[in-house]
Amino acid sequence: MDERGGGAPVEVTWWGHATCTIEDSGVRVLTDPLFARRFAHLRRRRGEVPPPRAAVAEVVLVSHLHSDHLHLPSLARLAPGSRLVVPRGAVAAVPGLRTLRRRLGLHVTEVRPGDTVRVGEVRVRAVPALHDGRRLPVGPHRAPALGYVVEGEARTYFAGDTGLFDGMAEAVGPVDTALLPVGGWGPYLGHGHLDPVRAAEALTRLAPASAIPVHYGTYWPIGLDGVRPHEFHAPGDEFVRQAAKRAPGVRVHLLGHGERVTPVAGR
């Protein structure tokens, strides 16, 4: 990969589930903020609820409309005037977004795959994801599920929720670090998700220098603690094992909740 410049190193913090902070070129990028101890039928079983500083960011990225990724009470914790990037059609599909935009003065930008947003020295590019983009459980409005590539001193790919899809490497492009979902919040993963094996296969396609597993080991349905508990605890460690077999050149950072790392940038 080309030289990305000589600025401060990129840092990534995993707050749990799909919520991460990417710090690049003096810009804090927050992904899919979920700051709840409990919501709907899910309870946080590992890691503390992220502290107030987790909600501080120059730009907030929402990958799709499912309530564990577009969580209105968590978005309400953003500072007034925050910039929010969401899939095209999200404002029409989720009336609560319009309310938050008025109340907090949020600057909401709707994007589709291929669109770019510049924030300071960072460019954010929306890329496709293979995942149901509806606001579940039902809804006539659709918005595409997205991933994002954050490009400044390095290229960091936040996959959101996705399955493997044809042309994934071409759509995402070259990246230094991949933040990949490796699990879920229930005993079974449906279509349009990555498990540890499929996430390791994604590494062989994307060929990043480093990877961080996310979207596992945080929330679990209330009352199902004893149902397939390995699906809650094991995906991170299993991804490390699968990545070592399938993509041994990729350095995997297995983070605890609230832990920060400076990933490898380039080779």
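Student: Which residue in β13 does Phe158 stand opposite?

Tutor: In this predicted model, strand β12 covers residues 155-158 and strand β13 covers residues 177-181. The two strands pair in the parallel sense over three bridges. Within β13, the residue that stands opposite Phe158 is Leu179.

Student: In what order do the seven strands of the open sheet lie, and which strands stand at its edges?

Tutor: The pairing in this open sheet is mixed, and the order is β9-β10-β11-β12-β13-β14-β16. Two of these strands have a single partner strand each, so one side of each is left without a neighbour in the sheet. The strands at the edges are β9 (116-119) and β16 (251-252).

Student: At about what angle to β13 does helix α5 run?

Tutor: Helix α5 is formed by residues 196-206. The helix lies across β12, β13 and β14 (210-214). Relative to β13, helix α5 runs at about 155 degrees.

Student: Is Thr162 buried or exposed, and which backbone nitrogen does its side chain reach?

Tutor: Thr162 belongs to the loop between β12 and α4 (168-172). Its relative accessibility is 0%, so Thr162 counts as buried. Leaving aside neighbours within four places in sequence, Thr162 is in contact with several residues, including Tyr157, Pro181 and His193. The side chain of Thr162 reaches, at 2.8 Å, the backbone nitrogen of Leu130.

Student: Why do the buried residues of α3 line one face of the helix?

Tutor: In helix α3 (residues 95-104), the buried residues are Leu97, Leu100 and Leu104. An α-helix has 3.6 residues a turn, so residues three or four places apart point the same way. Arg102 and Arg103, on the other side of α3, are exposed. The buried residues line one face because, seen down the axis of α3, they fall within an arc of 60 degrees.

Student: Which residue follows α3, and what is its phi?

Tutor: The buried residues of α3 pack against α1 (72-75), β7 (83-87) and α2 (90-93). The helix is followed by Gly105, with a positive phi near 65 degrees.

Student: Which residue in β15 is the bridge partner of Arg44?

Tutor: Three strands form an open antiparallel sheet in the order β4-β5-β15. Its edge strands are β4 (38-39) and β15 (219-221), each with a single partner strand, so one side of each is left without a neighbour in the sheet. Strand β5 (residues 42-44) is joined to β15 by three bridges. In β15, the bridge partner of Arg44 is Tyr219.

Student: What is the relative accessibility of His17, and what is the relative accessible area of Ala207?

Tutor: His17 lies in the loop between β1 (11-16) and β2 (19-24), and its phi is positive, near 50 degrees, in a residue other than glycine. Ala207, in the loop between α5 and β14, is not a glycine and has a positive phi of about 50 degrees. His17 counts as buried at 1% relative accessibility, whereas Ala207 is partly exposed, with a relative accessible area of 35%.

Technical notes. Residues are numbered from 1 along each chain as its sequence is written. This is a predicted model: local features need pLDDT of at least 70, side-chain atom pairs count only at pLDDT 80 or more; totals for chains, interfaces and linings use all residues. Side-chain values use heavy atoms; hydrogens and water are left out. Two strands pair if DSSP finds at least two bridges between them. Helices (H or I, at least four residues) and strands (E, at least two) are DSSP runs, numbered from the N terminus. Contact means heavy atoms within 4.5 Å. Axes are lines fitted to C-alpha atoms, for helices over the stretch in contact, and angles run from 0 to 180 degrees between N-to-C directions. Buried means under 20% relative accessible area, exposed over 50%, partly exposed in between (1.4 Å probe, protein chains only). A polar contact is a pair of N or O atoms within 3.5 Å; within protein, one must be able to donate a hydrogen and the other to accept it, and residues adjacent in sequence count only if both atoms are side-chain atoms. The arc is that of the directions from the helix axis to the C-beta atoms.
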